[in-house]
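Visitor: I would like to learn how to read disulfides in a structure. Where do we begin?

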Amino acid sequence: MNFSSAKQTVKPPQRGIFPLDHDAECKPFKEKYLSCLKEGGDKHHLCRDFSKDYLQCRMDRNLMASEDLDRLGFSKEATVEKAVEYDKSKEKGGYVAGKHIDGRMKWWFQR
Amino acid sequence: MNNKHSSSPNNTINFNSTYLRRKFSSTTEQQAEKVTLTESQAAALAQRRAYEFYRIKSGAPKNSKGSSQSNESIDDRNTKLASYAAAAVIGALGATYAAVPLYKIFCQTTGFGGTTQRVNLSEWAENQEAREESGRGKVSQALWDKLIAMSNVPSEMLPGSSPGSSSHGRGARTWTDEEAAAKLASLRPVKDGRLITVRFDSTVGDVLPWSFIPAQLDVKVVPGETALSFFTATNKSDKAITGVATYNVHPPKVGLYFSKIQCFCFEEQRLLPGETVDMPVFFFIDPEIMDDPGLKHVNNVTLSYTFFQTDMDDEEDDDDDEEDEDEAA
């Protein structure tokens with residue numbers, strides 16, 4: 001149980017629940033995806049094809065509702081081109097207060 | 001003449017004044033001696049003498065209705081004041097008692113502070129049969145209800161309610177299926193977006209003899225990109241056990257933008273003894289997180305899952321339950 005005082009938003013998943021893969025039919029796809037992640041520094045957009053393969057495997061074996069993968073965020077337009085990784089400047093700079101402020105923040109009624 | 005200042009340091013008063021002699025005329029001369037009074041009595045006496053002095057001075061008749069009224073009016077006023085004070089105290093006490101149900105009603109109507117909505121009795125009674133059929137023992141049922149009440153499972157996600165179509169959900173908070181599907185189809189990763197590291201964390205309830213770990217420590221995702229992640233669960237006992245998972249996102253504000261397309265939470269998952277199973281989570285972070293000034297510098301998000309046990313099957317019931325599972329799946 002999380003006892004944080006901030007209001008927790010918990011939403012149901014959009015497509016429901018994955019049925020359990022009891023026979024480990026899609027395990028090889030999963031292993032390929034995980035090893036790709038390991039090599040690529042855990043960046044998902046480099047291993048997008050492997051996750052696509054895994055979901056396709058699930059759909060083929062009736063472990064997931066069949067759906068066009070393009071509509072699930074694997075379309076060509078949804079490719080990640082450039083991604084900026086956080087350069088850990090705060091950790092390296094020693095967590096100096098106020099250093100990260102680079103612009104005026106707007107109040108909710110100013111937006 | 002009346003001498004008001006005749007009180008000596010020992011608080012003894014000499015009844016030498018003519019007024020007092022007249023007032024206490026019932027007492028004999030012998031008793032008109034030095035009488036020791038307490039301080040408060042002396043003060044009260046002095047006050048009365050002062051009132052009477054000014055009354056005589058201004059020519060008002062003594063022992064008339066006016067003077068007795070003013071004498072009594074002090075008592076009256078004191079009584080009045082005391083009753084007002086008592087009424088105020090009782091009123092405050094009453095307000096304290098009334099505040100408890102009033103606040104409850106306020107919370108129920110507005111959902112302030114995360115108060116869950118209550119199910120009305122007829123619906124609960126309707127689900128009673130379904131609950132009994134599900135074969136859960138009374139204790140585990142009570143635990144299950146308590147778990148649901150304590151967690152923040154939205155009512156649509158409770159097992160037994162209509163799965164999949166959130167358009168029949170109770171509130172207007174969830175999208176209908178078509179809206180969600182359309183949004184997902186048009187989802188685009190943010191251009192030159194910063195990579196957010198989603199770290200995975202898992203906990204297993206004390207009673208549950210499962211090992212439940214994330215298969216990868218973290219995944220770096222751009223907001224708007226759909227990503228896949230895995231958890232591995234192993235049933236280490238020799239009985240088939242059913243568990244249910246809940247999740248939490250930290251920092252809490254990111255929970256608004258953390259959308260899951262498909263996962264394994266909030267529904268009972270049954271593992272046979274010794275079975276290992278991979279559980280995927282398919283999620284994305286809403287691109288609107290870039291517009292949130294409070295989350296501008298969030299680079300790490302933690303998604304933590306906790307598994308709880310709901311039921312443990314005995315060996316004899318295994319066949320029956322498996323049949324039910326096949327029908328339900």
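Guide: This is a predicted model. Take one bond to start with: the torsion about the S-S bond of Cys26(A) and Cys57(A) is about -95°, so this disulfide is left-handed.

Visitor: Which parts of chain A does the pair of Cys26(A) and Cys57(A) tie together?

Guide: Cys26(A) sits in the segment before helix H1 (27-39), and Cys57(A) belongs to helix H2 (residues 48-60), so the bond ties together parts that are 31 residues apart in sequence. The S to S distance is 2.0 Å.

Visitor: What is a disulfide in general?

Guide: A disulfide is a covalent bond between the sulfur atoms of two cysteines. Searching the whole structure gives two disulfides over all chains.

Visitor: Which cysteines form a disulfide with sulfur atoms 2.0 Å apart, besides the pair already described?

Guide: Cys36(A) and Cys47(A) do. Cys36(A) is in helix H1 of chain A, while Cys47(A) is in the loop between H1 and H2, 11 residues apart. The torsion about their S-S bond is about -90°, so this disulfide is left-handed.

Visitor: How is the pairing in chain A written when the bonded cysteines are numbered in sequence order?

Guide: The pairing is 1-4, 2-3.

Visitor: Is Cys26(A) buried or exposed?

Guide: Buried means under 20% relative accessible area. Cys26(A) has 1% relative accessibility, so Cys26(A) counts as buried. Cys57(A), at 2%, is buried. Cys36(A) is buried with a relative accessible area of 12%, and Cys47(A) is buried with 0%.

Visitor: What about Cys263(B) and Cys265(B)?

Guide: Cys263(B) is buried, with a relative accessible area of 0%. Cys265(B) is buried, with a value of 0%.

How values were computed. Residues are numbered from 1 along each chain as its sequence is written. Chains are lettered from A and ligands numbered from 1 in the order in which they are written. This is a predicted model: local features need pLDDT of at least 70, side-chain atom pairs count only at pLDDT 80 or more; totals for chains, interfaces and linings use all residues. Side-chain values use heavy atoms; hydrogens and water are left out. A disulfide is a pair of cysteine sulfur atoms within 2.5 Å. Helices (H or I, at least four residues) and strands (E, at least two) are DSSP runs, numbered from the N terminus. Buried means under 20% relative accessible area, exposed over 50%, partly exposed in between (1.4 Å probe, protein chains only).
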